[in-house]
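Colleague: I'd like to learn how to read a helical fold from its coordinates. Could you walk me through this one?

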Amino acid sequence: MRPLNIGLTEEQRQGVTDLLNKDLSDAYLLLIKTKKYHWDVVGPQFRSLHQLWEEHYTALTESIDAIAERVRALGGYPVGTAEGFLKYASIKEDPGSLPNAFHMVENLVSDHEQVIRNLREHIDQCGDDFHDQGTADFLTGLMEQHEQMAWMLRSFIEGESIQPDGRLSAEGLKVPVNMK
């Protein structure tokens, strides 16, 4: 194979590829969890969550492909096995558990927030340690997507919610300050 001559050393490209494979693994586990919840959600929130999660897993699928292609563009190979995804991911599966809709949303918020924290760190590493501003910019776009998904999910659980026993609860509800 012809050697890459894109202004990054082999070590820099390998460092970035390692970070991207971690991000790819997190995205894949998040996709699996989002799809599982999309299939299994029940209750009064079914339709809205079912549709929201379809939007999210569609976006995650596109992101996964983009991450894998970025790895290839840098001369590396993306992780592509369940074993590899589990090895490199920072988020965890939730096997044997079927939470209610509220807890599904909470779990996904936590996972997206973990991914966002990782991406912030990886953005800095790509730029500062590996001098790959292109990948830093690419990861910034991914981070913004996860921030929007997390915001939508947080908005769902920060509002008035129906508890598993059917009661309405406004506990912890944040109300905007009157801006006069």
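Colleague: Which helices are included in what covers the buried residues of H5?

Modeller: A word on the model before that. It is predicted, so local features need pLDDT of at least 70 and side-chain atom pairs count only at pLDDT 80 or more, while totals for chains, interfaces and linings use all residues. Residues are numbered from 1 along each chain as its sequence is written, and side-chain values use heavy atoms, leaving out hydrogens and water. Helices (H or I, at least four residues) and strands (E, at least two) are DSSP runs, numbered from the N terminus. Now to your question: the cover over the buried residues of H5 includes H1, H2 and helix H4 (101-129).

Colleague: Which residues of H5 are buried?

Modeller: Buried means under 20% relative accessible area, exposed over 50%, and partly exposed in between, with a 1.4 Å probe and protein chains only. An α-helix has 3.6 residues a turn, so residues three or four places apart point the same way. In H5 the buried residues include Leu139, Leu142, Met143, His146, Met149, Ala150 and Leu153.

Colleague: What is His146 in contact with, beyond its neighbours in sequence?

Modeller: Contact means heavy atoms within 4.5 Å. Leaving aside neighbours within four places in sequence, His146 touches Leu30, Leu60, His112, Val115, Ile116 and Leu119. His146 counts as buried because its relative accessibility is 4%.

Colleague: How do the axes of H2 and H5 cross?

Modeller: Axes are lines fitted to C-alpha atoms, for helices over the stretch in contact, and angles run from 0 to 180 degrees between N-to-C directions. Angles under 35 degrees count as roughly parallel, over 145 as roughly antiparallel, 65 to 115 as roughly perpendicular and the rest as oblique. Helix H2 (residues 46-73) and helix H5 (residues 133-158) have axes that come within 12 Å and cross at roughly 170 degrees, so the two helices are roughly antiparallel.
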